[in-house]
Amino acid sequence: MNSLVALIRRELHALWNSPWQLALVSYIPVLSIICLWWLFSAGLPRQLPVAVVDSDHSQLSRMLTRKLQANPVVAPQNFVDLPSAVTAMKQSEVYGVVLLPYGLQRELMTGHSPVIDVRYNSQFLLVGKLLSSQIQLTLGSGLLEVAGVKQLLQGVPKSQVALHLSPVTSQTTALFNRNNNYVGFLVPPVLVALWQLLAMLIFSNSLSRELNPEGSYAADSGIWPRIWAKIAVFTPILLLHGGFILALLYQYLALPVAGSLALLILAQFVMLLAVWLMVLLVFFIMRDSARMVSFGTALFAPAFAFMGITFPVHEMPILAQWWRLIMPSSHYVDSHVSIVSYGVGWETIAQQLTSYWGFLCIIPVLFLLSRRIEKSMNTESNQQMLDPELMSKNSGADL
């Protein structure tokens, strides 16, 4: 116990004397979390530029354009022809194109079915879906007014017009995000992905220090006591960062949460242990600080895309689903959604945490790799001790 306490003090001393490591555990996470929240703080995208090409120049086309202007999500921009509007969309100057064709009002009033061409850039996944739904709703409501006037002219009683136009009505109500707020939808998984990446960098930097000659783990204490000291130091620090995320989202911003925050902290703790195991595996295999950080970044940087928040997991390719399983954040986000949205209890969370069982298979591999590395490092240290003796004997023989 005394040796472990001494190693913890050594780790804290090294942390205090490393400006970059100290920044990673102090102000960099706080600033990154606040900046990412500020990025989505508007909640909903507004005033998205959309190109409108009015080829009809009729009362109906001008009314539909005013309807689009009244929608807070859409910011119509008039274009003379379709090619210039498509070019502007390809150059990301606008996110969508609405073409009101020539003869729109005439064909509609004479019983024909004119086609309104609506295009959007689907590369912007969320923006594209939002624009598609909002443009269709806006144009649909405008055309219903015209259809209502046509029904009245045909002698349909005013009380029956709504029934003739929409015999079946539907209502869509979001169960867990009723305001369609992007803060509650996107910010938690984005911050979890950032938190996992920071945890990887912090632990990798700490392990890399043991590769230096003055900090070589082949010294008297061995490697595992030093690893336990690092875990004892950085786990509470990272849990503070995770607690700050939860406090910001569900206390300060008052986002709805159906379950217990204590369960979220427990899920964060288990996720951190899985991250430590992955970083240790990379460390023992590569034993090079630059390659270790590079591989860890390549592994954890795309974590958000594999969480299944913006794209369903069962629709991912098999290789992507396998890659998802080796990311601790993907296991954590399942528990996070269950607690925040469904309000599940301890029993369900305990069952979900069993999904980390695959990470337990890393433990025997770590012990095997650590023994081989310690043997090789001890051999190198013994050779370094013998070299000065040989040099002194050779110098004495020369004399």
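Predicted model: local features only at pLDDT ≥ 70, side-chain atom pairs only at ≥ 80, totals over all residues.
Figure 1. Trp-322 sits in helix α13, which spans residues 318-325. Is Trp-322 buried or exposed? Trp-322 is exposed, since its relative accessible area is 57%, and the cut-off for that label is over 50%.

Figure 2. How accessible are the two ends? Arg-324 counts as buried because its relative accessibility is 9%, and buried means under 20%. Asp-334, at 36% relative accessibility, counts as partly exposed.

**Figure 3. Helix α14 packed against helix α9.** Here α14 (residues 328-342) shows up again, this time alongside α9 (residues 182-208). The two helices pack at an angle of about 145°, and their axes are 10 Å apart. As for handedness, α9 passes α14 in a right-handed crossing. Which residues meet where the helices pack? From α9 come Pro-188, Val-192 and Gln-196. On the α14 side, they meet Pro-328, Ser-329, Tyr-332 and His-336.

**Figure 4. Leu-68, a buried residue in helix α4.** Leu-68 belongs to helix α4, which runs over residues 59-70. With a relative accessible area of 2%, Leu-68 is buried, because the label applies under 20%. What does Leu-68 touch once residues up to four places away in sequence are set aside? The list is Val-52, Val-74, Pro-76, Thr-138 and Leu-139. Leu-137 also belongs in this view: Leu-68 and Leu-137 are 69 residues apart along the chain, and their C-alpha atoms are separated by 9.7 Å.

Figure 5. Glu-11 and Arg-10 form a salt bridge, and their closest N and O atoms are 3.9 Å apart. That pair makes the list because the cut-off is 4 Å. Glu-11 counts as buried at 2% relative accessibility, whereas Arg-10 is partly exposed, with a relative accessible area of 23%.

**Figure 6. Asp-117 paired with Arg-119.** Another salt bridge joins Asp-117 to Arg-119, and here the closest N and O atoms are 2.9 Å apart. Asp-117 is partly exposed at 23% relative accessibility. Arg-119 is also partly exposed, at 32%. How many salt bridges does the structure hold? There are six.

**Figure 7. Stepping back to the whole chain.** The protein chain's secondary structure comes to 17 helices and four strands. Of its 399 residues, 40% count as buried. The accessible surface of the chain is about 22300 Å², and carbon and sulfur atoms account for 63% of that. Finally, take the contacts between residues at least 6 apart in sequence: 76% of them join residues at least 24 apart.

Technical notes
Residues numbered from 1 in each chain as written. Heavy atoms only, no water. Buried < 20%, exposed > 50% of the residue type's maximum accessible area, 1.4 Å probe, protein only. Axes fitted to C-alpha atoms, helices over the stretch in contact; angles between N-to-C directions. Left-handed = near helix turned anticlockwise from the far one by under 90°. Contact = heavy atoms within 4.5 Å. Areas by Shrake-Rupley, 256 points an atom, 1.4 Å probe, with all protein chains shown as cover. Salt bridge = Lys/Arg side-chain N within 4 Å of Asp/Glu carboxyl O.
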